[in-house]
Amino acid sequence: MPDLPSKVGILGGGQLGRMLALAGRPLGLDFQFLESTPDPPVSGLGPVLSADYDDPHALERLAALVDVVTYEFENVPVEAARALEAWVPVHPTPSALEMAQDRLTEKTEFRRLGIQTAPFRPVDSLDQLRTALSELGMPAVLKTRRFGYDGKGQAVIRQDSDVAPAWDTLGGVPLILEGFVDFERELSVVGVRGMDGEFRCYPLSENHHEQGILRVTRAPAPGLTPQLQAEGEAILRSVMESMDYVGVLAIELFQVGDHFRANEMAPRVHNSGHWTQDGASVSQFENHLRAVVGLPLGPTDQVRPSVMVNLLGDLPDLTEVLELPGAHLHLYGKAPRPGRKLGHVNIVTESTEASMATARRLLQMLPAPMG
């Protein structure tokens with residue numbers, strides 16, 4: 001049997017990189033990070049190359065130190081991932097990274113695969129915005145095609161008087177206008193695909209946001225039927241297979257009646273999958289690493305009903321948090337800042353009702369996300 005990769009390079013040094021490293025240590029994996037900001041959350045979990053992601057000398061040095069490269073956020077320059085591919089395997093593929101970085105490319109590919117989305121139009125001028133609105137109607141959401149996350153880089157247009165302010169705020173970069181979807185709820189499907197094409201999927205989860213930032217994820221999603229689970233899995237699997245994807249992928253879904261419309265994908269471990277650390281047989285973090293180094297995938301079944309609550313902006317009294325039944329605290333080592341994700345709490349109990357009751361108690365203890 002050939003030696004498996006044991007040295008993993010990670011582009012990015014945030015909390016997702018931190019949790020990947022924590023999950024990989026028991027597997028005997030070592031980590032090398034490339035991160036441009038000082039004192040990142042991954043500090044102490046492996047050497048950190050402090051350089052820009054597109055620094056050619058840093059990329060070459062990273063490749064010389066590791067057996068495989070992955071990334072913990074999707075705004076890594078695609079050119080950097082492609083440069084690394086010349087020296088070392090990179091998973092997921094740079095093409096997946098490129099697709100996820102552009103909302104227009106992403107939704108166009110979803111449609112090509114037969115996956116339903118909100119109606120959309122590219123927008124590059126104010127006149128084009130007005131034309132797109134005449135075709136899609138209002139309300140609609142104007143978004144930057146690149147670099148938007150946690151509700152940033154978008155504006156809702158509900159009436160004619162909203163058009164000019166939306167353009168003034170976002171214009172000047174490539175945009176996409178999306179027709180409004182009257183959805184019942186937002187769910188996430190998170191799964192993993194190995195090098196041999198093996199596919200496994202976690203139970204779909206339900207997401208709730210505050211001011212555009214994920215606050216609560218419930219897993220499994222309330223009222224999750226075998227039909228909904230199967231449709232979510234089929235969407236995820238079709239995207240993965242089309243790209244020969246290796247690793248964990250998450251797709252955000254809008255539920256409309258008994259079917260889904262795909263919203264966005266993340267080619268990495270995802271916030272809505274954090275519950276798997278304490279509520280699943282094998283976490284998304286461990287399964288991502290198993291996939292990218294060529295180990296067998298672990299089971300994705302849920303062991304207990306779980307609720308994940310993000311800690312945003314500032315921290316509550318941690319002693320009180322740890323006294324909550326079924327609470328598992330995960331901190332990222334980041335300084336408080338309005339809207340910043342500082343950690344999360346996974347609440348895992350014997351029943352959905354008990355987990356939600358504890359989550360409600362926790363939410364009452366938390367400061368507002370924006371301070």
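Of the contacts between residues at least 6 apart in sequence, 62% join residues at least 24 apart. The model is predicted.

**Overall build.** The chain holds 12 helices and 17 strands. Its C-alpha atoms fill a box of roughly 60 × 50 × 40 Å along the principal axes. The radius of gyration is 20 Å; a compact globule of 371 residues would have one near 21 Å, so the two agree. Buried residues account for 54% of the 371 in the chain.

**Helices H2 and H3.** Helix H2 spans residues 56–65, and helix H3 spans residues 78–85. How do their axes meet? They come within 10 Å and cross at roughly 45°. Angles from 35 to 65 degrees fall between roughly parallel and roughly perpendicular, and H2 and H3 are therefore oblique to each other. The crossing of H2 past H3 is right-handed. On the H2 side, the contact is made by Leu59, Leu62 and Ala63. On the H3 side, it is made by Ala80, Ala83 and Leu84. What kinds of residue make up this contact? There are 6 nonpolar residues, no polar ones and no charged ones.

Two peptide bonds to proline are cis, and two aspartates have positive phi. The table gives the angles.

| Site | Feature | Angle |
|---|---|---|
| Histidine 91 to proline 92 | cis peptide bond | omega near -10° |
| Alanine 219 to proline 220 | cis peptide bond | omega near -5° |
| Aspartate 39 | positive phi | phi near 50° |
| Aspartate 244 | positive phi | phi about 50° |

Where do the two prolines lie? Proline 92 is in the loop between H3 and helix H4, which covers 94–100. Proline 220 is in the loop between strand E12 (213–219) and helix H8 (226–243).

Aspartate 39 sits between strand E2 (30–35) and strand E3 (48–50). Aspartate 244 sits in the loop between H8 and strand E13 (247–256). Neither residue is a glycine.

Are these aspartates exposed or partly exposed? Aspartate 39 has a relative accessible area of 67%. The cut-off for exposed is over 50%, so aspartate 39 counts as exposed. Aspartate 244 has 49% relative accessibility and therefore counts as partly exposed.

**Alanine 155.** This residue lies in strand E7, residues 154–157. Is alanine 155 buried or exposed? Its relative accessible area is 17%. Buried means under 20%, so alanine 155 is buried. Which residues does alanine 155 touch, leaving aside neighbours within four places in sequence? The contacts are Ala140, Val141, Leu142, Ala166 and Leu170. Asparagine 287 is 132 residues away from alanine 155 in sequence. In space, the two are 36 Å apart, C-alpha to C-alpha.

Definitions and conventions:
Residues numbered from 1 in each chain as written. Predicted model: local features only at pLDDT ≥ 70, side-chain atom pairs only at ≥ 80, totals over all residues. Heavy atoms only, no water. Axes fitted to C-alpha atoms, helices over the stretch in contact; angles between N-to-C directions. Helix = DSSP H or I, 4+ residues; strand = E, 2+ residues; numbered from the N terminus. Parallel < 35°, antiparallel > 145°, perpendicular 65-115°, else oblique. Left-handed = near helix turned anticlockwise from the far one by under 90°. Contact = heavy atoms within 4.5 Å. Nonpolar A, V, L, I, M, F, W, Y, C, P; charged D, E, K, R; others polar. Rg over C-alpha atoms; globule rule 2.2 N^0.38 Å. Buried < 20%, exposed > 50% of the residue type's maximum accessible area, 1.4 Å probe, protein only.
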